[in-house]
Amino acid sequence: KRRVIHEAVHASFFSVHLIVDTQVYLTRLGDSLWVVSQRHGALPPWLVLHYNPDIDFNALRAGLEIVIPKVEALPPA
């Protein structure tokens, strides 16, 4: 049941957004998954996690390179 809910959330996001590129971000002192997600256009945290499967966001430290997807809104249908 949980998987179905998450798949619906992802489908909903990608029905109105497109990933056009990625960029590397160097973490700063005090960064967290939430802070990084919000700093880059209010990205969903699950999307940042998806692009960084080997990063432990519970143990972020300054100077760590993480990949941030660049997202654009799709034009209304």
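Predicted model: local features only at pLDDT ≥ 70, side-chain atom pairs only at ≥ 80, totals over all residues.
Of the 77 residues of the protein, 25% count as buried. The C-alpha trace spans about 40 × 30 × 15 Å along its principal axes.

The protein contains three helices and two strands, and its elements follow the order α-β-α-α-β from the N terminus. Among the contacts with a separation of 6 or more, 72% are accounted for by residues 24 or more positions apart. The protein carries 7 positive and 7 negative charges, whose mean positions lie 8 Å apart.

Aromatic pairs were examined next. A pair of aromatic rings is described by the distance of the centres and the angle of the planes. The count of aromatic pairs comes to three. In one of them, Phe13 and Phe14 have ring centres 5.2 Å apart and planes at 85°, so this pair is edge-to-face. Phe13 counts as buried because its relative accessibility of 12% is under 20%. Phe14, at 38% relative accessibility, counts as partly exposed.

The rings of Phe13 and Trp46 also form a pair; with centres 5.5 Å apart and planes at 85°, this pair is therefore edge-to-face. Phe13 belongs to helix H1 (residues 2-14) and Trp46 to helix H3 (residues 45-51), so the pair ties together parts that are 33 residues apart in sequence. Trp46 has a relative accessible area of 23% and is partly exposed. Phe13, Phe14 and Trp46 are linked into a cluster by ring pairs.

Note on methods:
Residues numbered from 1 in each chain as written. Heavy atoms only, no water. Phe/Tyr/Trp six-rings, centres within 6.5 Å; stacked < 30°, edge-to-face > 60°. Buried < 20%, exposed > 50% of the residue type's maximum accessible area, 1.4 Å probe, protein only. Helix = DSSP H or I, 4+ residues; strand = E, 2+ residues; numbered from the N terminus. Contact = heavy atoms within 4.5 Å. Lys, Arg positive; Asp, Glu negative; His and termini not counted. Charge placed at Lys NZ, Arg CZ, Asp CG, Glu CD.
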